[in-house]
Amino acid sequence: MTEPRQLDPYASPKTFYGAELRRLREAAGLTQSQLGERAFCSGTYVGQFETAVRRPQQDTSKLFDEILGTGEHLQRLCRLARENKYPDYFADAAELEQMATTISEYAPTLVPGLLQTEGYARTLTRATLPLASEQRVEEIVRARMDRQFILCGPTPSEIWVVLHETVLRVPMGGPSVMCEQLLHISELARSHQVMVQVLPFTSAAEAPMNGMVSVMTFSDAPPAVYVESAHTGCLIEEPPLVTRYQKSYDLVRVAALPTKASLALIESVAEEYTTP
């Protein structure tokens, strides 16, 4: 059970949702565990909503409303609480990313957001949203850069990234942008902020993954996986499926080059981008 903590209900829609859920649960005479059991989740999960650790979920809010007899009250609050600077399909993963103790990513075609430079992120955003205003593009780039605080916070996550060699070879934004991007990755790796490996073309057939995957583990919660493709993504929390992704990621990591050889390749390709 998550211990109560003092929250300002009016600090944000998320804290107001949490305060309302707690008020309604206590009025019904239910503990977090009892409500969780009826809503097919754990008491800890309920507590994370009440303490605004996690954003509320629409389907769970519907169950809460049915159990507590509150009409659509929590569902309406949920819609407000889920407003976010990130796309809705990624918002839950972005929230978990901040709480993860380890993040293991596989990138088959593009540099992961946590490692992107502003130039790379801007080029990618413009390519993805060709009709977006400059203001909208800059909002997206800034949100992506803001995520990177977990690389150097007081308790940084342990981050391990495997890049398919394609990531190095796709000239996103042209030679200067790519050179800066690859040297940035190298700097992060050499300063021990991330572990980086490259899956070379010669070993790609041994890697049982064909899409972007992020495996997150936590000190006080089960692991979760986020998978993404163009314009959409999915957060996976079902234990059997999470375990399968973890095993697949381990196989990708084994097939990849060792870290020193990976850095040598990254820096070599960066140099190629500076060659006329």
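Mentor: Happy to! Let's take H4: the elements that cover its buried residues include helix H1 (13–27), helix H2 (32–38), H3 and helix H5 (73–81). Contact here means heavy atoms within 4.5 Å, and helices (H or I, at least four residues) and strands (E, at least two) are DSSP runs, numbered from the N terminus. This is a predicted model, in which local features need pLDDT of at least 70 and side-chain atom pairs count only at pLDDT 80 or more, while totals for chains, interfaces and linings use all residues. Residues are numbered from 1 along each chain as its sequence is written, and side-chain values use heavy atoms, with hydrogens and water left out.

Thr 60, Ser 61, Phe 64, Asp 65 and Leu 68 are the buried residues in H4. They sit on the same side of H4 because they cover an arc of only 145 degrees around the axis, taken from the directions from the helix axis to the C-beta atoms. On the other side of H4, Asp 59 and Glu 66 are exposed. Buried stands for under 20% relative accessible area, exposed for over 50%, and partly exposed for what is in between (1.4 Å probe, protein chains only). After H4 comes Gly 69, with a positive phi near 65 degrees.

Now the pocket that involves H4. The second largest pocket has a volume of about 700 Å³ and a lining of 29 residues, with Tyr 45, Gln 48, Arg 54, Pro 222 and Glu 237 nearest its centre. Helix H4 (58–68) gives two or more residues to that lining, as do helix H3 (43–50), H6 and strand E6 (232–236). A pocket is an open set of points on a 1 Å grid over the protein atoms alone, where a 1.4 Å probe fits, with protein on both sides within 12 Å along at least five of seven lines; lining residues have an atom within 4 Å of a point. Volume is the space filled by probe spheres set on the points, which are joined across faces, edges and corners.

By class, this lining has 16 nonpolar, seven polar and six charged residues. Ala, Val, Leu, Ile, Met, Phe, Trp, Tyr, Cys and Pro count as nonpolar, Asp, Glu, Lys and Arg as charged, and the others, Gly among them, as polar.

H6 leads us onward. Helix H6 (88–99) also supplies at least two residues to the lining of the largest pocket, which holds about 940 Å³ of space. The buried residues of H6, including Phe 90 and Leu 96, pack against H1, E1, H8, E4, E5 and E6.
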